[in-house]
Amino acid sequence: MQTRKKYIFLTFLASWLLLFFFGGDQLRRFSFFSGRKAEARRNWPHWTDRSLLESFADPEELQSDGDPLLPSPRERRAARLSVYKNSGCRMETCFDFSRCEKNGFKVFTYPRERDQPLSESYSKILASIERSRYYTPNPAEACLFILSIDTLDRDHLSGQYVRNVDEKIRGFPLWNGGRNHLIFNLYSGTWPNYTEDLGFDIGQAILAKASFYTENFRPGFDISIPLFSKDHPQRGGERGWLYQDSIPPKKKYLLVFKGKRYLTGIGSGTRNALHHIHNGKDIVSLTTCKHGKDWEKHKDTRCDKDNVDYEKFDYQELLHNSTFCIVPRGRRLGSFRFLEALQAACIPVLLSDGWELPFAEAIDWSKAAVVGNERLLLQIPSAVRCIHPERVLAFQQQTQFLWDAYFSSVDKIVHTTLEIIKDRLLPHRSRSRFLWNTLPGGLLALPDFSTHLGDFPFYYLQRGSSPSAKFTAFIRAVSPAGSLSQPILRLIQAVSRSQYCAQILVLWSCEKPPPPSGKWPQTTVPLTIIQGRGKLSDRFFPYAAIQTDAVLSLDEHTSLSTSEVDFAFVVWRSFPERIVGFPTRSHFWDPEQRRWGYTSKWTNEISIVLTAAAFYHRYYHSLFTEFLPAGLRELVDGLAACEDILMNVLVAAVTKLPPIKVTQRKQHKETVSQQVACKDGDAGSPPVGERSPSPPRSPPAKVKGTAGMAGGRRFSQQQDCLNQLADWFGYMPLVSSQLRLDPVLFKDQVSVLRKKYPRLEKP
């Protein structure tokens, strides 16, 4: 036993000796190198070592690792809590849905105080809301409330800063802690740290804010909006700069920036480093420190050279000729440069860490912008060079779509904000991201009509489908007394013989009851009578009886053959988003009177197809009634033949495309007669000559007699209508075309047996 213990002890001792003999040297080396590494870390060159960084940066730029003026995380958190006391707000917890159940989504703006001035931008926002279809002057009907106090500029150094907002809003009986309120803001915080302090407690209100920081953003509740200038147009807005077949995907410059450089304070880090990527060839990055009152006190060694280079390039020329535009943060996260780049089809390269992009809840910015990292600036040039030209073109096209759909005017920015909130109220009937990010955009795709893509006229190509193979004939009748005129009898018979006709609806727009069913012609398709209200806008009401995609709009005095109807419908199925029809008109700009003109003369261009005989998609009935405000429909009811112009303007504004004229039988002579209305003073009964699908007559001013005087009044009303619509939209949406579609072999000297529509050539 003693021997065994002795052997164990000797073995253990030998093991320790071997470990010390063979491993001691390794342990000493490890300790030695660890000391060397620690020493190396201690002796690492300072950032101001000119010999190492001479070609990369000036020592003045790198005196410290951080800017003492920047707020610390603790300071940012404290500022956030002071503003967003209800940081956990969501629609389910801080919004009263019951206010929206009875009257739907209605918006009320507080009465404006006389002694309270409003900025130009906030006046535009309030005007946009009051012009929208959601506005109500009755607070009892409202689902959402907008303050009349200007909250856009909350920089207390600004001249537009409104003081004592807390005291004022607490005195409002409708405030209710901010519940169901929407607050707009463009500028928050002030020098030097520019926190998002608004200077008052927003309570449970929804905040629509520019330069939104993601840490402060309440997802599904707040809305990030773009920063726009006071000169941003109220409505309409300028077109984007990308035109069809006008530019190659790759332009003169690859990447550009021209703007201010901040020498100190928040936002200075990114802009100070932009000169590192400038090569003077395809990458142009120009900055100037010549701004502010005391810039010379803080200027560095680069300032003088930068200021000289800055003046060598024109900003607009750079925008026009660059593929990518750098959009760095300013003092705040957002900048005007963002919208400028979108309009110019210059793909934004965003360098603003933590920025909640505008309307990101609905817009997919990965299809229109490159989101970079401020700390990885030097990787930006190589990253954008790797983007394939096809994707570059897709990016550019998407910038133009987004600009035109959501950002080109204050109206569109405000309406997009309201529509996003409205979608939250009924998630099961909200727009999909596909609708928001595809032409014509979320504002023009009404979820109240449908949430199924196949029900809209815009997405057949993407889905690989076609509209329904039948149409509904919709005839507006204003015949006097209790009898039916001969033209409407012939029209019903001709339309009912079409192989594509599913049903005929007659809108009876007369106070007297329609004739009994026995006096209507017998047809092979269902014929239904709908009692109207005697208004011109009734013809575009979304009647539930219309079940087909296509609607053939007709007046009772229209003269069409079955062949004409068949051919026009076949054409429409190839262009379901457009108006396809027979009688046409055109518009022009009158430089002498400086207003838009309307003409029925034969010209080489057309821009209007009268709905006296035209095919279009039934969705436009919903868009006409639900999208347009009541004021425009009242305008239609008060002016003769204005409903034709408004429908054409609406479709052109949605599609950006002209209508299509199709072949019609030649009318040797047009009869212009006075139509007896079903009641005195019925403004909804234009004469036969104006509504008949036959060659246009001479200008109304040259027609003599009573009919000529009436035609002159109608012509004047049509011009007034056209100009009022252009003013409301903010631009002229109508698009001219020189296209007319005829059947194959039309008028060719070949056998009639080879022609599909031979009756079209008969007089």
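User: Which residues is Thr 399 in contact with, leaving aside its neighbours within four places in sequence?
Analyst: In this predicted model, Thr 399 is in contact with Leu 342, Ala 345, Pro 348 and Ala 368 once neighbours within four places in sequence are set aside, where contact means heavy atoms within 4.5 Å.

User: Where is Thr 399, and is it buried or exposed?
Analyst: Thr 399 is in helix H13, and it is buried because its relative accessible area is 0%. Buried means under 20% relative accessible area, exposed over 50% and partly exposed in between, with a 1.4 Å probe and protein chains only. Helices (H or I, at least four residues) and strands (E, at least two) are DSSP runs numbered from the N terminus.

User: What numbering and cut-offs apply here?
Analyst: Residues are numbered from 1 along each chain as its sequence is written, and the model is predicted, with local features needing pLDDT of at least 70, side-chain atom pairs counting only at pLDDT 80 or more, and totals for chains, interfaces and linings using all residues. Side-chain values use heavy atoms, with hydrogens and water left out.

User: Changing topic, how many aromatic pairs are there?
Analyst: A search of the whole structure finds 37 aromatic pairs. Phe 359 and Phe 407 form a stacked one, at 5.7 Å centre to centre with 25° between the planes. Rings of Phe, Tyr and Trp (its six-membered ring) pair if their centres lie within 6.5 Å, and planes under 30 degrees apart count as stacked, over 60 as edge-to-face and the rest as tilted.

User: Where do Phe 359 and Phe 407 sit in the chain?
Analyst: Their pair links distant parts of the chain, 48 residues apart, with Phe 359 in the loop between strand E11 (347–351) and strand E12 (370–371) and Phe 407 in helix H13 (residues 389–407). Phe 359 counts as buried at 1% relative accessibility, and Phe 407 is buried with a relative accessible area of 0%. Both belong to one aromatic cluster, whose members include Phe 338, Trp 355, Trp 365 and Trp 436.

User: Which residues have the most contacts inside the largest nonpolar core?
Analyst: Those are Phe 184, Trp 365 and Phe 407, in a core of 87 residues. Helix H14 (residues 410–425) gives the most to this core, with 7 residues, and the core draws at least three residues from each of domain 1 (77–224) and domain 2 (253–408), bounds that come from an automatic or database domain assignment. A nonpolar core is a set of buried Ala, Val, Leu, Ile, Met, Phe, Trp, Tyr and Cys residues joined through side-chain atoms within 4.5 Å.
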